[in-house]
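Open the model in your viewer and keep the selection tool at hand.

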Amino acid sequence: MNELPFGTLGFFALSIVLFIALIMVARSARIVSQYEKGLVMRLGKYRTTVDSGLTFLVPMIESLIKVDMRERVINVEPQKVITKDNVGVTVDAVIYYRISDPVKATFEVQNFAYAATTLAQTNLRNLIGDKSLDETLTARDTINTNLRNVLDEATNTWGVKLTRVEVQKIDPPADITEAMSRQMKAERDKRAQILEAEGVKQSQILQAEGSKQSSILKADGEAQARILQANAEAKAIEVTSVAAETFFKDRAEARQRLDVLRAVLAQQTKFVVPSGSNLLNILGLDDRGAGLFPQAPQAPHGSPAPAPPRKFPG
């Protein structure tokens with residue numbers, strides 16, 4: 001049997017060592033994703049936390065635990081809850097959370113999802129049990145806020161941050177749901193009737209206001225028209241009076257005197273008219289009277305002499 005030369009044995013041994021070394025290097029390299037954190041464990045004990053990227057571990061001694069840091073959601077299964085006024089309702093919820101401390105989230109709690117679900121169900125029973133059915137249905141935001149505060153405080157030691165808690169449904173029994181539906185319908189009918197009555201009332205008020213304004217404006221217009229008409233009539237009378245005073249006063253006086261004279265002479269057979277009387281001028285006898293009647297003697301200078309009377313045939 002031929003023995004292998006020493007150089008050949010050394011080559012095989014070196015190859016084996018290199019192969020084993022390559023395998024160990026390959027197994028010691030770890031890649032941590034962008035959304036993960038890496039917990040390096042050495043001989044079962046936490047050593048450090050590494051970020052995303054390529055990480056090399058000590059072969060055979062260290063290991064890596066990857067922790068997903070993305071936000072997650074837990075569904076809380078529906079459960080029966082009794083309200084303060086002894087009404088059974090079915091409630092469920094969802095919990096949104098993210099890991100804030102990967103070390104605590106890994107070593108402080110064994111099953112965070114189960115623990116959070118159990119804690120949420122317990123606190124839902126407590127919160128809804130302190131409220132009546134109407135308060136439960138109308139205070140959904142308050143229940144969400146209180147439940148989130150309680151769960152966040154409890155899970156803070158686990159390195160978990162609750163971002164949101166939402167109560168999805170609160171279902172009363174079927175008979176109560178039907179009664180609530182009838183009540184809601186009655187309330188809506190009531191509001192509709194009230195709104196309709198308010199509309200009719202406002203319409204009548206507006207119509208009355210419009211009629212009132214129309215009557216006021218009409219009365220004002222008529223009053224203004226009467227004032228303007230009265231002013232116009234007064235102005236016309238004033239103008240007529242001024243014209244009569246200006247143009248017809250003398251003639252009117254003469255006419256009046258003639259009327260008086262006619263009435264007096266109609267009852268007399270003889271009458272005496274003083275010379276120089278205006279009656280002669282009125283009768284137009286002043287010129288003819290100079291030839292018909294003798295002239296009165298001239299009175300001495302300085303003393304007026306009465307005019308001789310004139311006789312007219314009757």
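Two aromatic rings of Phe, Tyr or Trp (the six-membered ring of Trp) are taken as a pair if their centres lie within 6.5 Å; planes under 30 degrees apart are called stacked, over 60 edge-to-face, and the rest tilted. By this rule there are four aromatic pairs. Select F11 and F12: their ring centres are 6.1 Å apart and their planes stand at 65 degrees, so the pair is edge-to-face.

This is a predicted model, in which local features need pLDDT of at least 70 and side-chain atom pairs count only at pLDDT 80 or more, while totals for chains, interfaces and linings use all residues. Residues are numbered from 1 along each chain as its sequence is written, and side-chain values use heavy atoms, with hydrogens and water left out.

F11 is exposed at 53%, and F12 is partly exposed at 48%. Next select Y97, F112 and W158, which form one aromatic cluster.

Two arginines come next. A charge is said to sit over a ring if NZ of Lys or CZ of Arg is within 6 Å of the ring centre and within 35 degrees of the ring normal. The charged end of R70 is over the ring of Y35, 3.8 Å from the centre. R164 is over the face of Y96, 4.5 Å from the ring centre.

Now switch to the cartoon. Strands here are DSSP runs of E with at least two residues, numbered from the N terminus, and two strands pair if DSSP finds at least two bridges between them. Select β3, β2 and β5: in the order β3-β2-β5 they make an open sheet of three strands with antiparallel pairing. β3 (45-50) and β5 (62-68) are the edges, each with a single partner strand, so one side of each has no neighbour in the sheet. Between β2 (residues 36-42) and β5 there are seven bridges; one place to look is V40, whose bridge partner in β5 is L64.

Move on to β6 and β7, which run antiparallel and are joined by nine bridges. Here V76 has A93 in β7 as its bridge partner. Strand β7 (residues 88-99) is mostly covered, with nine of its 12 residues buried. On to strand β8 (residues 160-171), 10 bridges lead from β7, again antiparallel, and I99 stands opposite V160 in β8.

What surrounds Q79, leaving aside its neighbours within four places in sequence? Select this residue in strand β6 (residues 72-82). Q79 is buried, at 10% relative accessibility. Its contacts (heavy atoms within 4.5 Å) are V89, T90, V91, Q121, L124 and R125. A polar atom of the Q79 side chain lies 3.1 Å from the backbone oxygen of Q121.

Finish with two loop residues. M60 is in the loop between β4 (53-56) and β5; its phi is near 70 degrees, a positive value in a residue other than glycine. M60 is exposed, with a relative accessible area of 74%. N86 is in the loop between β6 and β7, a hairpin with five residues between the strands, and takes a positive phi near 60 degrees. N86 is exposed too, at 67%.

Methods:
Buried means under 20% relative accessible area, exposed over 50%, partly exposed in between (1.4 Å probe, protein chains only). Helices (H or I, at least four residues) and strands (E, at least two) are DSSP runs, numbered from the N terminus. A polar contact is a pair of N or O atoms within 3.5 Å; within protein, one must be able to donate a hydrogen and the other to accept it, and residues adjacent in sequence count only if both atoms are side-chain atoms.
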